[in-house]
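Please have the model open as we go along.

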Amino acid sequence: MSNENKVSIIVPVYKVEKYLPRCIESLIGQTYQNIEIILINDGSPDSCGEIIEFYADRENRIIPIHKENGGVSDARNTGMALVSGEYTFFVDGDDWIDEGMYEDMLRALQTYDADLAICNYKEISKNGVKDTSSEEITIFEGRETLKVFIEEDETYQIQNAAWNKLY
């Protein structure tokens, strides 16, 4: 796979000091190395700002941003203004990802000449793990893509979140 395609990863950060190191380490440890990690401290009152700076001092692919709290959408928009990659991915500051995720998703985009790759995920809570993983690949085209996003029944084919998609 060509390493010329940079992936920009935008991480809004607010009150996630307990989870942030694991999140950042999962990004740094990707098998696909041509990434930039934009960490946006959205005015977090805990030690998130210090954690971001700690990693930024050690990893040149990290771009640390500190701003007043404006909410997750504002933080993501701040990150969007800074991306230099051909592809964009959002990760929440309390999430972590499998080490081959960007390599796999980028391969899927290139293989199918697609504009969007969507991955499955695991919901982890104190009650256990809910795994949505599947090896199945589904291709949507044109109006069909729109339809699966806006269906009104309770069985969503596509998770309506920013954080499991490579754009």
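This is a predicted model: local features need pLDDT of at least 70, side-chain atom pairs count only at pLDDT 80 or more; totals for chains, interfaces and linings use all residues.

Let me begin with isoleucine 9, which, leaving aside residues up to four places away in sequence, touches Leu27, Ile35, Glu36, Ile37, Ile38, Phe89, Val91 and Tyr102.

Ile9 belongs to the largest nonpolar core, which has 29 residues, and it is one of the members that touch the most others, along with Val7, Val11, Leu27 and Tyr102. Two or more residues of this core come from each of strand 1 (7–13), helix 1 (20–28), strand 2 (35–42), helix 2 (48–58), strand 4 (87–90) and helix 4 (101–111). Apart from that core lies another one, of six residues, and among them are Ile38, Ile65, Ala75 and Phe90.

Ala75 brings us to helix 3, residues 72–80, where the buried residues are Ala75, Arg76 and Gly79. Because these cover an arc of only 100 degrees around the axis, they lie on the same side of helix 3. As for what covers them, that includes strand 1, strand 2, strand 3 (62–67) and strand 4.

Stepping back to the whole chain, there are five helices and eight strands, and read along the sequence they follow the pattern β-α-β-α-β-α-β-α-β-β-β-α-β. Among contacts between residues at least 6 apart in sequence, 76% join residues at least 24 apart. Finally, of the 167 residues in the protein, 38% are buried, and the accessible surface comes to about 10100 Å², with 46% of that belonging to carbon and sulfur atoms.

Terms used
Residues are numbered from 1 along each chain as its sequence is written. Side-chain values use heavy atoms; hydrogens and water are left out. A nonpolar core is a set of buried Ala, Val, Leu, Ile, Met, Phe, Trp, Tyr and Cys residues joined through side-chain atoms within 4.5 Å. Buried means under 20% relative accessible area, exposed over 50%, partly exposed in between (1.4 Å probe, protein chains only). Helices (H or I, at least four residues) and strands (E, at least two) are DSSP runs, numbered from the N terminus. Contact means heavy atoms within 4.5 Å. The arc is that of the directions from the helix axis to the C-beta atoms. Accessible areas come from the Shrake-Rupley method with a 1.4 Å probe; for residues, only the protein chains shown count as cover.
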